[in-house]
Amino acid sequence: MSLGTTYPTHWRRPPRMLRDRRWRLVVQGAALVYLVLAVGSLDIEWSRVVEGLARGQAFVEGFLQPDFTSRWGDIRQGLIESLTMTLTATVVGVLISVPIGIGGARNLVPAPVYAVCRTIIAVSRSLQEIIIAIFLVAMFGFGPLAGFMTLSFASIGFIAKLLAEDIEECDVHQIEAVRATGASWWQVLHYAIQPQVMPRLIGLSMYRLDINFRESAVIGIVGAGGIGATLNTAIDRYEYDSAGAILLIVIVIVMLSEYGSSYLRRFLQ
Amino acid sequence: MKPSLVNTAEPATYAQIWTFRTPRARLALWVGWLALVALFVYCWQVMNAETMWVFVADAPTQAADIGSRMWPPSLSYLPELMKPLWDTLNIATLGTLGGVIMAVPVAFLAARNTTPSVALIRPLALWVIVASRSINSLIWALLLVAIIGPGLLAGVVAIALRSIGFVGKLLYEAIEETDIRQVEAVSATGASAMQRLNYAIVPQILPAFWGITMFRWDINIRESTILGLVGAGGIGLKLQSSINVLAWPQVATILLLILGTVIVSEWISARVRHAIL
């Protein structure tokens, strides 16, 4: 008894994407051409890189033996600015973004309000923190107030967008049930929407607090106060041990806030 | 017998009016809010101890001034921006590539079900992920410009180092969520540890992997536009020099170009992710 067909003796994994062989070749070829062009345009000055390796080593050493003491006054001032800026900006950002988030939920508001709120969200999200910071420093002068403004503005887009999406995903049955009792728009918001989105809103606020602290370490570079200014100064002076200390402090605080917020979220749910 | 709707034997201690929360919960809530407000006011005081309110009062005038100087954007500056824009795209793409190459082993070491040692190597890998995530790409760029000099390479390395944490974290979570039955099925055929990774785990995480990579590429385009502010090449370099000479129409042009690039990259990334997932 013989079967007419011969089966291959080796199994080959079928391709997951781009099942047509020709398309695969085209895409792979294009990727290769792009890579060659891109790497070619890098224009690396190897002598400078080799020269810099010694400095890199100095930085790694500074990171391993951080110097907290000699610049402690500056570090402390920067930290206080960063932490206060982070907290106030998160609170104000959440306060502003809650109405905007509600306005950006399609199931609660009429179309014109929706359009306005979504535009605000899009503008806030598309601009980088650091670019906003440049402008706000130009307007409000150097210091943590400009940083506070920047972080508040950036928080609005983030929280309002996620809150709006969360409200849109709310359970319709609960909203209908509350509405069936004759509840007004505000009562629906209070008794049907708020209990459903509150745990997530708190989680988002905690997450944004975390992000705002990380960002506060950056916007100091353009003069908006905070630990970033101290870090920038330390790197400009080639004081890698102080820079290492600052980075370690930032990492530790971010880790603590991450653990803290995950604990708090579990506690609240 | 149907249960009666009105239970006459109910104790009288229940409140007659239904309330959302118990008195104790209400009290706790108020104390919590009060504490938050007090903390906010205290932080506000500390933060604004040295604020010059004269400058703040002056802000609307300044804003109007800058706004009027920025308009109209100088479109004749646009051709000059094409080379920096190409550089920016390269920083983002090569940086993502480098970041992903470094993140994949870290993710496999960090995932509970693939790590060689839960006690020793996993915390180390998690630490790498957290450290990379806590330090913004701009700070990485600041450091790298000081170490290997200004230029595109510093930008690429900064983006790559920053991407490790993001890609690593999402990827190791995807690895931990893989279906154990497929792994068992493959190991039942007598597969070695490497074959288990290759045939049971990798196919499960591949869609997530491409999704994460595209997502990070999109974020990296965003971040690489500003790396030039600290000297790491790309369009940010032009932004910095235009701001330094107060050429506001040029600044407006650059910002519009950045905005356009970000929107296009977000659209591409969303389309690709939609096609994969």
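Tutor: A crossing of two helices is left-handed if the near helix is turned anticlockwise from the far one by less than a right angle, and right-handed if clockwise. This is a predicted model, in which local features need pLDDT of at least 70 and side-chain atom pairs count only at pLDDT 80 or more, whereas totals for chains, interfaces and linings use all residues. Residues are numbered from 1 along each chain as its sequence is written, and chains are lettered from A and ligands numbered from 1 in the order in which they are written.

Student: In which hand does helix 7 of chain B pass helix 9 of chain B?

Tutor: The crossing of helix 7 and helix 9 of chain B is right-handed. Helices here are DSSP runs (H or I, at least four residues; strands are E, at least two), numbered from the N terminus. Two packed helices are described by the angle between their axes and the distance between the axes. Helix 7 of chain B, residues 152-176, packs against helix 9, residues 193-224, at about 145°, and the axes are 9 Å apart; the axes are lines fitted to C-alpha atoms over the stretch in contact, with angles from 0 to 180 degrees between N-to-C directions.

Student: Which residues in helix 7 of chain B meet helix 9 of chain B?

Tutor: Contact requires C-beta atoms, placed from the backbone, within 7 Å. By that criterion helix 7 of chain B contributes Gly155(B), Ile159(B), Ser163(B), Phe166(B), Val167(B), Leu170(B), Leu171(B), Ala174(B) and Ile175(B), and the residues they meet in helix 9 include Ile201(B), Phe209(B), Arg216(B) and Glu223(B). By class, this helix contact comprises twelve nonpolar, five polar and two charged residues, where Ala, Val, Leu, Ile, Met, Phe, Trp, Tyr, Cys and Pro are nonpolar, Asp, Glu, Lys and Arg charged, and the others, Gly among them, polar.

Student: How many residues does the contact take from chain B and from chain A?

Tutor: Chain B gives 46 residues to the contact and chain A gives 46 residues. On the side of chain B that touches chain A, the largest share, seven residues, comes from helix 6 of chain B, residues 137-148. That side of chain B holds 34 nonpolar, nine polar and three charged residues.

Student: How many helices and strands are there in chain A?

Tutor: Chain A has ten helices and zero strands, and its C-alpha trace spans about 85 × 75 × 35 Å along the principal axes. Of the contacts in chain A between residues at least 6 apart in sequence, 72% link residues at least 24 apart. The UniProt record, an unreviewed entry, places "domain: ABC transmembrane type-1" at residues 79-259 of chain A, a span that is 84% helix and 0% strand and whose end C-alpha atoms lie 20 Å apart.

Student: Where is Tyr238(A), and what is its phi?

Tutor: Tyr238(A) sits in the loop between helix 9 (227-236) and helix 10 (240-268) of chain A, and its phi is positive, about 60°, although the residue is not a glycine. Burial is counted from other C-beta atoms within 10 Å (buried at 20 or more, exposed at 12 or fewer, partly exposed in between). Tyr238(A) has 13 such neighbours and so counts as partly exposed.

Student: Is Leu246(B) buried or exposed?

Tutor: Leu246(B) is exposed, with 11 other C-beta atoms within 10 Å. Leu246(B) belongs to the loop between helix 10 (235-244) and helix 11 (248-276) of chain B, and its phi, near 55°, is again a positive value in a residue other than glycine.

Student: Which residues does a cis peptide bond join?

Tutor: The cis bond joins Trp71(B) and Pro72(B), with omega about -5°, and Pro72(B) lies in the loop between helix 3 (59-70) and helix 4 (82-110) of chain B.

Methods
Contact = placed C-beta atoms within 7 Å. UniProt positions renumbered as here; feature names shortened; annotations may be inferred.
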